[in-house]
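Me: Please take a close look at the pockets of this model, above all the largest one. What lines it, and where do those residues come from?

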Amino acid sequence: MRSITFKRATENDVLLIYQWWTNGQVMASVGFPNGLETTKEEVKRTLKSYQRNPTAEFLLIMNEDNVPIGEFTYHQKAPGMFTFNIKMGKLSEQGKGYGRLAIIEGIERIAENYLIEAIQLEVDPKNNKAMNLYKSLGFKCQKISYRHWFNQLKEPCA
């Protein structure tokens, strides 16, 4: 049976996160098919910004063997409104149900500490795997913005 836990990302995790973020296979579904053009210093700054924000967390998703396989981040956008991002960084672990578990447990984690009135997500509607997962968890599509931005290959994204 699959299970996950969360671990707060620290400076010791910068290299791993950097490897995920610069990997085009990992980042393609979020609009960066060539990976993010970032540095380890920028990753470190991002982690520090989450650590300074009392209504945000940058968490590593750990599988049942306590191996980091992805990331779950969240932050408060407005009173009662949150957003989150999820990435499965370890490609061999994608499609095994860990993402679903991380979303469920991540939302529970937010709800333990804050009153949630709404969760707002931005998802490329062409990302069928993500769209189907969110719909299966009860999320409703409120708005689709076509050609909202362009990915690294100059392809339109929502």
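Reply: Helix H5 gives the largest share of the lining of the largest pocket, six residues. This is a predicted model. H5 spans 128-136. Other elements that each supply at least two lining residues are helix H2 (24-27), helix H3 (40-52), strand S3 (68-78), strand S4 (81-88) and helix H4 (98-113).

The volume of this pocket is about 1700 Å³. Its lining counts 50 residues, and Glu122, Val123, Asp124, Ala130 and Tyr134 are the closest to the centre. By type, the lining holds 25 nonpolar, 14 polar and eleven charged residues.

Next, the second largest pocket. Its volume is about 200 Å³. Here 15 residues form the lining, with Arg8, Tyr50, Asn53, Ala56 and Glu57 nearest the centre. Two or more lining residues come from each of H3, strand S2 (56-62) and H4. Eight of the lining residues are nonpolar, four polar and three charged.

Thr83 counts as buried because its relative accessibility is 11%, and the cut-off is under 20%. Its side chain comes to 2.6 Å from the backbone oxygen of Gln120. Beyond the neighbours within four places in sequence, Thr83 also contacts Thr73, Tyr74, His75, Lys77 and Leu121, besides Gln120 itself.

Methods. Residues numbered from 1 in each chain as written. Predicted model: local features only at pLDDT ≥ 70, side-chain atom pairs only at ≥ 80, totals over all residues. Heavy atoms only, no water. 1 Å grid on protein atoms, 1.4 Å probe; cavity = no way out; pocket = protein on both sides within 12 Å on 5 of 7 lines; lining within 4 Å. Points joined across faces, edges and corners; volume = space filled by probe spheres on them. Helix = DSSP H or I, 4+ residues; strand = E, 2+ residues; numbered from the N terminus. Nonpolar A, V, L, I, M, F, W, Y, C, P; charged D, E, K, R; others polar. Buried < 20%, exposed > 50% of the residue type's maximum accessible area, 1.4 Å probe, protein only. Polar contact = N/O pair within 3.5 Å; in protein donor to acceptor, adjacent residues only side chain to side chain. Contact = heavy atoms within 4.5 Å.
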